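Here is a short briefing to read alongside the model. Have the viewer open as you go.

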Amino acid sequence: MTSDTRRREFLKFAASSVAAVTFTGTARLAAAQEKRTLTVAWDADIDTLDPASFKTSAGYTVQANVYDSPLMWKVQPVEGKPGVSQSKPGEIEGGIAQSWSFENGGSTLVLNIRKGVKLPSGRDVNATTVKYLLDRGLQSPGYMRLLFPRLLGVTKPEQFKVRDESTIEINMPAPSPMALDMMALMNNAMLDPDEVKANATADDAWAANWLKRNTAGLGPYQLVKNQPGVEVVLEAQTDHWRGRPYFDRVVFKYVPNEADRVLLLKRKAIDMVVGRSTLSPRNVKALEAEPGLKTVSVPDTLCHWLCMNTQKAPLDNVKVRQAINYAIPVQAIIPSVLYGFGTEMKSPVPSLTPGYDSTISPYKYDIAKAKELMREAGFGKEPIPIDLAVRAGWQPHEQASVWLQTELEKIGFKVSIVKETEATFRQIATKGDHQLSIESWQSWINDPFYHLFFNFHSTAKGTNSSFYSNPEVDKLIDENMHETDTSKRLAAAKRLQEIVIGDAVWGHLWYENWTRVMRSDLVGIEKRWDSYERFFSMKLA
Amino acid sequence: MSSPLSVSSSISQPAASSLTWRRLQRNPISFAALCVIMLIAAAAILAPILAPYAPDATDPAASLQPPSWHHALGTDEFGRDQLSRIIFAARVDLLVAFAATFVAVSIGGLLGAVVGYSRGWADTIAMRVVDALMAFPAFVLAMGITAGLGNSTTNVAIAISITQIPAYLRLTRGEMLRLREMEYADAARTLGNPTWRIVLIHLLPNCLPPLIVQATLSTGFALLTMASLSFIGLGIQPPQSEWGVMTAEGASQIVTGEWWLFLFPGLAIMISVLAFNLIGDGLRDLLDPRMRGLR
Amino acid sequence: MGFFNYVMRRFALALPTLFGVSVICFTLTYLLPGNPAMVKAGPFATPEHLAVMEHQMGLDRTFPEQYYRYVSGIFKGDLGESASTGRPVSLDFLQRLPATLELNLASLLIAIVIGLPLGVLSAVHRDTLIDHIGRVVGIMGVAMPSFLTGLLFVYVFFYMLNLAPSPLGRLGSGIEPPAQITGLYVIDSLITGNWTTLQSSLHQLMLPAATLGLSAIAPVARMVRSTMLEILESDYIKAAWAAGLPARTVIYRDALRNALIPVITISGIVFGFLMAGNAVVESVFSWPGIGNYAVTALLTKDSAPIQSFILFVAVTCVMVNLAVDIAYGLVDPRIRFS
């Protein structure tokens, strides 16, 4: 019996000490607290940090803070929203290049490199280092080697020419209205050529493998820890040319579950939730009333639409597509799905983009009109079975699909909602096997022709999600992509909107606001066209 | 090879079902559980009569209302009546759970009976495959299969079914190995019955009791599997309302205070799983007190 | 036949199972929709670049060839590369595995600590009110979808009562992990005497382990109950009763001691059961384990992590079963000759 007693005593002791240890320990450790730290939550891992490649939002967010690009989109305070600034169409400011000018009637862009900027290795940034990053973008496998030829007509590295120590010229075959925006893309990140070359291998001349997980640049912050599934830590560069950032550290906590992100905000265990669609509009609405938190919501260029595959019956019939546009209950969707954090789409061009015209679209919710169009198209007797694909977990899309289903069934469809995982959705979309789906798109270069090209040009494979093909549209886009006469360009943009709206290529849904929830004393929020957070400007009021 | 996951072989002679019924009544908890399942099944069958609203009827004016006289269990963000959706969801849930289990019992039982009776190389191969399949926890396998096939109602049922087959196969095979040596099997053989007749008519029915116990427990777990699949985004799709999807969607909004969205469908799952388990437990005690198993 | 031979024979029997596991695992990922090369190359890859990637990843080969590449890769410790973290899966796995093991072991402990007495009580008081309540309580734990239990726990204990820490993984903010010995923070901080870390890791472990442990109480209790019933019916216990030994002694010394042997089995099975459950629970608590990793990978069609997760879980189950068999062989020599 004695052994039993002893065992029981031990268990009792063990249980009580465990309880003591677990329940008393709410005290936070003071270590690392003297440093000003901003703790944010997100839901993604960094897939790659290679500046030239396309990546997850987590990869881009970190890149936007650990690298600098030659130019930057300028921001202006948003009226009525203290502590928040937003970029304005056509406004650019210096980055690594302090200033710029155009020569040869606009077909040569000259960048003047900022003096005294040093790479982490101590070497100075000069025209040669800038040329290296441009060369790498043009030639390494990735995203930039598609954009340079398409947008600037740059196909050979010789077109990036070092003029002198602090001047580089970009020689384009013709002037491009998108040249400055292109230089603001953070994919053009300032790299240390020596460090990249040191890590290049025989079959990987641009060190793409090394740059996936390492950084070799200078930005306001440095990446000091990247543990997937746990956290990413950035630390401020004390001698950055912009000045020392207010927050010494930015800690990104990986929180895959949205309910947790909301509770962490409510408990003030984090300062902010970053990333797009990391909080559903409904949760944002609920958090608006929470003391100590604030919601920043500003209009953005992010488009959401009902994508109709124009190559698939019955959606190849323009009358059917028009009918669908008349059956979209967007007035009900905006309050009940977006809780007001978005606005009605009235054109395939975003409302903040030059050339946007809200007066062209005749579409409004009108079931009688929709039914009539369906009759004219020869439908209406038998219900037409049709699939509507949405991505699982994209809450506003899932919810909108239910509203759309109800309305489309009124005009003669039998809608099956198909929820697909992100990867499956993309693959089926690229193959052209979706009928109806809800798509979204944001143009980082806020230019109507950039936007129209990727979404409506018949050669834009993989991004023209409606598989729309109209020679007249192609011709107008091609002719005006590089047009320098602004009024001519805007007139063409208007004409294009008329055609695309007339052809009812998209089912107009909404433009989503850029919306973030954060502690109420956080100011210096800067929202640029690419919509990724920059932490160097943030501070506590 | 005795894997601990299998329900070990048991005695259980052909049991008169009326006796079973009477003895089940003596176990009040299991009996109550049986009544609960019958009630839910009845509600599912009579759904169009019982449900106060059409399950998919949206009503923007009545979105997110807490329980009231008009909507006994509240409404969701589309203004759909929760009570009606839960009642209609019982159809999908029970149908998928029963169908998956039925198919798995049929396939697993038949294959198990055949390989158990014939023994030899077919048996060896079958058991190796079963071992490999049973190495995968049911949910992991279901997750993989649903991701592979796509998450339609049928595919979710198929995935759940596949995860169950090995257990039934092994169970029946074990029973069959024992039964084929019994005197009445010898008698049937001596009388010149064809093999299929001996297996199907004479022996298989006697393998059923442990199968039934396992099937009852599995039906409950099928509901949980559906719910967990929904949570990770691989659940049954709309517009079919399904308890798991409703709970998972409701739970993601736990913080906005609409407790009725996850509580009621969650309770429906909980009560059903509880009931299936209690019935299974009751049956197990009744048919063989020494049986033990999991899942 | 010696014990060594017995162990070798069990190992030999496990080999075809492992082969089957690898085939099933490979087939599953082979059938997954989505093109892994496309995932890896990103949305703006040119067709040529995509073709190069497909060739590099061996996706243009036949099914058996790809299977061969896959298996030989495993033997070389090459589990492929994750598209969503850009790192070798083996590295991600090594970092995440201890988190999952720690959570599972803690849950197992909770399940046994609660399930064992519950099962004994139910057996001793068979068919009484105690038995019924015990069973219902046990099953309740498993009948709730674990994501719901988890979210409710977070809501109540973290948000409302502030008793639990933020559901942010294994350690509180600012706490450094202990020196890596086993990778289990609780054990490592105990060994190194790092009390702050021990406190923080136990604190963080509390809710997820309770959530996962709840779902395993019923299986444990059920098995203990049936084993106890069997033993209580056995001849030697009947003899003990007949000898007039006090009830407490019979039940708690003789019967329970024998019923403890099956606890080995139970632990093995429940461990496999928990392996499946953790995929959901880890996601609720931002727990950086392999389950969470697999779920994310599944949704983004990141095939290498999915393959590795499924394979790992299955192999663990085979190994646990093997260990249980061997343990039985040790305890009961008769089994060795069967």
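Two residues count as in contact if their C-beta atoms, placed from the backbone, lie within 7 Å. By that criterion, residues 24 or more positions apart account for 70% of the contacts in chain A with a separation of 6 or more. This is a predicted model, where local features need pLDDT of at least 70, side-chain atom pairs count only at pLDDT 80 or more, and totals for chains, interfaces and linings use all residues. Residues are numbered from 1 along each chain as its sequence is written, while chains are lettered from A and ligands numbered from 1 in the order in which they are written.

**Overall build of chain A**
- Along its principal axes, the C-alpha trace of chain A spans about 90 × 75 × 50 Å.
- Of the 541 residues in chain A, 52% are buried (20 or more other C-beta atoms within 10 Å of a residue's own, C-beta atoms being placed from the backbone).

- Strands here are DSSP runs of E with at least two residues, numbered from the N terminus, and two of them pair if DSSP finds at least two bridges between them.
- Strand β3 (residues 84–94) of chain A runs parallel to β19(A), joined by 3 bridges.
- Gln86(A) sits opposite Lys527(A) in β19(A).

**Where the chains meet**
- The contact draws 20 residues from chain A and 16 residues from chain B.

Terms used:
Buried ≥ 20, exposed ≤ 12 C-beta atoms within 10 Å, placed from the backbone. Helix = DSSP H or I, 4+ residues; strand = E, 2+ residues; numbered from the N terminus.
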